[in-house]
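Work through the following exercises with the sequence and the model side by side. Each task is followed by a solution in steps.

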Amino acid sequence: MSEARATMVRLRPTMLSDLDFVISVEQDAANRPFITPWERTQHEGAIRFPDFRHFIVEAGDDYASAGFVILQGCRNPHRSVELKRMVLKPAMQGRHIGRTCLRLLAAMAFRDLGGHRFWLDVKARNLRAQALYASEGFVEEGRLRESVRTDDGYDALVVMSMLDREHAARVDPPQR
């Protein structure tokens, strides 16, 4: 997918009627090693609770459902917004949709939600996602060793973040 096509991504609020799709993407065998799936009731709570923003990612010419994202901490008094989850259908991966989505979410976290810090954690084995986050300006803060159980043992969580001034420098670089 070209960079121009990557801009054909939008986020729309998740409805309860979307939860079968959300669960199916989360439960896909290609995605399971990289996330800790939620119960349906957890997604329902994230849709309803004001501290969360739960979105369906729509992409392509017809804006078909490509995945979903969840922000948490939208009302955090410390202005620290978490990218709780970003999951795409396997067929939609590798098309710059995740990168475009991440840029939309960063703009939302800083501009719309007034965030000071936008952060996430990612499983250590998810090298592709870590590379994406780093290329978009996220900085590794540390690792929570063997903090999540997996089908084959344990994995670490890598904590990464971006501050509002770092995001501003990327979006509006200083003129020379």
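Buried means under 20% relative accessible area, exposed means over 50%, and partly exposed lies in between, with a 1.4 Å probe and protein chains only. The model is predicted, so that local features need pLDDT of at least 70 and side-chain atom pairs count only at pLDDT 80 or more, while totals for chains, interfaces and linings use all residues. Residues are numbered from 1 along each chain as its sequence is written, and side-chain values use heavy atoms, with hydrogens and water left out.

**Exercise 1.** Determine whether F68 is buried or exposed, and list its contacts.

Solution. Begin with the location: F68 is found in strand β3, where strands (E, at least two residues) and helices (H or I, at least four) are DSSP runs numbered from the N terminus. Next, apply the cut-off: the relative accessible area of F68 is 0%, and F68 is therefore buried. Then turn to contacts, meaning heavy atoms within 4.5 Å. When neighbours within four places in sequence are left aside, F68 is in contact with V22, V25, E26, H43, H54, F55, I56, V57, R85, M86 and V87.

**Exercise 2.** Describe how helices α2 and α3 pack.

Solution. Two packed helices are described by the angle between their axes and the distance between the axes. Helix α2 covers residues 19–27 and helix α3 residues 40–48, and they pack at an angle of about 125° with their axes 11 Å apart; the axes are lines fitted to C-alpha atoms, for helices over the stretch in contact, and angles run from 0 to 180 degrees between N-to-C directions. Angles under 35 degrees count as roughly parallel, over 145 as roughly antiparallel, 65 to 115 as roughly perpendicular and the rest as oblique, and α2 and α3 are therefore oblique to each other. As for the residues involved, L19, D20, V22, I23 and E26 in α2 meet R40, H43, E44 and I47 in α3. Finally, the buried residues of α2, which pack against α3, β2, β3 and β4, are L19, F21, V22, I23, V25 and E26.

**Exercise 3.** Which members of the largest nonpolar core touch the most other members, and which element supplies the largest share?

Solution. A nonpolar core is a set of buried Ala, Val, Leu, Ile, Met, Phe, Trp, Tyr and Cys residues joined through side-chain atoms within 4.5 Å. The largest such core has 34 residues, of which V57, L83, M86, L105, F118 and Y133 touch the most other members. The elements that each supply at least two residues of this core include β2 (52–59), β4 (80–88), α4 (97–112) and α5 (127–135). The largest share, 8 residues, comes from α4. Apart from this core lies another, of 12 residues, among them L19, V25, I35 and V87.
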